[in-house]
Amino acid sequence: MTNQVPDEAVLQQQVDRRQLQEIISGLGEGILLIDPSDGLVWANDKALALHNVDGLADLGETPADYRKRFLLKYRNNHVVADNQYPIDRLLAGDVFHDVVVEVTRKDARKDDEGWRSIQQLRGIMLADGKGKPESYVLVIEDVTERFTAEERFEKTFGTNPAPAIICRLADLRYVKVNQGFLEMLGYARDDVIGRSVYEIDVLENAATKDTAIAALRDGRTIPQTEASIRLPAGGSKLVIVAGQPIEIGEEACMLFTFMDLEPRRKAEEALRQSEERFARSFRLTPVPTVLTAHDGLRILDANDAFFSVFGFVEEEVIGKTLPEVPLWTSETSRHSLERDIDKSGSLRNVETQTLTKHEEILDCLVSAEAVTIQGRECVLIVFQDITERKQTEVELIAALEAVMKDTSWFSRTVIEKLANLRRPGRGTKVQSTELASMTPRELEVLGLMCQGLSDAEITRKLKLTRNTVRNHVARIYNKADVHSRTAAVVWARERGFVGAPEKNPGRSKPSKS
């Protein structure tokens, strides 16, 4: 058998192919050379890497071998038919551009698990001098990173609860919308995709509409601005909208994001109405009330009842701290109230004596409660005037004594029971030595108090000034550790003191049998 020597044309073809291979071997794109009769005849390193193989044999010698090894899908997830594989299309004389497929292994090896490559393909025919197909070239561009990033964006965009919509800048039509936008406005997806920004105007009534539209036309960032978007069912929605230029599939687009202001507006409206109701109640309540800052107890406001009962005007109260307003007969009582408010933020029905602007003494029950007004920590302090009730208690004791004047044993029993009610568990043991701490004048004033005389009556009877009597009464309260007139009378009764002082005030007269 004689060896056949290749003719000159075949040799020239082989030389040309080697030169072509040398030229394209270093290109950044993957290149496959396909011969009409020999199948896959050459691949550069990039093409091998894009298929995760080491050599040409791993790709397959024929188109059928390639189809057995690799599964191709379009981006819509449809499997590429056998006769539509890029190699088969080239051999059928079909050249093509920018076909995007996802490539995975059918016969996946351990190192292929989870491997995939997204490729953009271009088919080229190489013709001889007569224009007949001589070989074919499959140009492969790796677009895995780009499409993976787009997939991540699609997933993030679709699941992000923040409302968002994307319009294409070329024609200003919406190409993507997420569920957050649809739920915020009440649209269906088909009602939005393909519509223009003029049909669904997300910049309608924007605070800076002209600036925003100019930025949209130029493809520039649109800063945050308030806008009102019409709802499909009527009405409008108040939002904050911002725009960010992006590219979707190499097309220039604008990503609009939104923040729904309706919940905040409703919350602000509810808060405003609540504070209005508080303000009306505060003004109209008949009980004297002041509002102070929690820190320092500086008075922020006072109601009409406070000014009416205590006689002050706004300039004498508003802006001052509680210690700066002359409301207290006893600094000890005020300090105690302030400590309780500072410690727990509230107190209930603490009995104390207060002064009016005209230095009249009022018996009050003071209550306080911490509140928040316009985000500021405050304290609401209420003064309940019980002066008349206290006076009634004193008059009741005086009446009982007058009626039971001849039955002193019964009168003392009643007084002792009243004392026990005022100071439960203390007992009725007379502690007359405590009276020794008082001056004769204080005992004289205390005796007249026990007889039911008011400060004015004591002033006239003893021919003293009103301030002098008030000072004696304050010292009596301090020494007896009481805060009201009735408590002072009961305190004296507990110690057997029933009237004007005697020579030995610490010793009571023996009762007649």
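Select L72 and you will find it standing opposite V103 in β4. Strand β3 and strand β4 (residues 96–105) pair in the antiparallel sense over five bridges. Two strands count as paired if DSSP finds at least two bridges between them. Helices (H or I, at least four residues) and strands (E, at least two) are DSSP runs, numbered from the N terminus.

A word on the model before you move on: it is predicted, so local features need pLDDT of at least 70 and side-chain atom pairs count only at pLDDT 80 or more, while totals for chains, interfaces and linings use all residues. Residues are numbered from 1 along each chain as its sequence is written, and side-chain values use heavy atoms, with hydrogens and water left out.

Now show the whole open sheet of six strands, in the order β2-β1-β6-β5-β4-β3, with antiparallel pairing. At its edges sit β2 (39–43) and β3 (70–74), each pairing on one side only. From one strand to the next, the twist averages 35 degrees. Contact here means heavy atoms within 4.5 Å. Axes are lines fitted to C-alpha atoms, for helices over the stretch in contact, and angles run from 0 to 180 degrees between N-to-C directions.

## Second stop: a buried arginine

Select R67, in helix α4 (residues 63–69). Is R67 buried or exposed? R67 is buried, because its relative accessible area is 18%; buried means under 20%, exposed over 50%, and partly exposed in between (1.4 Å probe, protein chains only). Show its neighbours too: leaving aside residues up to four places away in sequence, R67 touches D82, Y85, D88 and K106.

Go to strand β12 (residues 289–293) and strand β13 (residues 299–302), which run antiparallel and are joined by three bridges. Pick V290, whose bridge partner in β13 is A302. The hairpin has five residues between the strands, and there G296 takes a positive phi near 90 degrees.

Next, select L297, in the loop between β12 and β13. L297 has a positive phi of about 55 degrees although it is not a glycine, and L297 is buried, with a relative accessible area of 8%.

Then jump to E359, in the loop between β14 (347–355) and β15 (361–373). E359 is not a glycine either, yet has a positive phi of about 65 degrees. With a relative accessible area of 35%, E359 is partly exposed.

Select F306, F307, F310, W328 and F383, which form one aromatic cluster. Rings of Phe, Tyr and Trp (its six-membered ring) pair if their centres lie within 6.5 Å; planes under 30 degrees apart count as stacked, over 60 as edge-to-face and the rest as tilted. By this rule the count comes to eight aromatic pairs. One of them is F306 with F307, edge-to-face at 5.8 Å centre to centre and 80 degrees between the planes. F306 also pairs with F310, and this pair is tilted: 4.9 Å centre to centre, 35 degrees between the planes.

F306 and F310 both lie in helix α10 (residues 304–310), four residues apart, about one turn of the helix. F306 counts as buried at 0% relative accessibility, and F310 is buried at 1%.

## Last stop: helices that cross

Show helix α14 (residues 440–450) with helix α17 (residues 485–494): their axes come within 9 Å and cross at roughly 105 degrees. The two are therefore roughly perpendicular, a label for angles of 65 to 115 degrees; under 35 counts as roughly parallel, over 145 as roughly antiparallel and the rest as oblique. To see the contact, select L446, M449 and C450 of α14 and R485, A488, V489, W491, A492 and R493 of α17.

The contact is made by R441, E442, V445, L446 and M449 of α14 and H472, V473, R475, I476, Y477 and K479 of α16.
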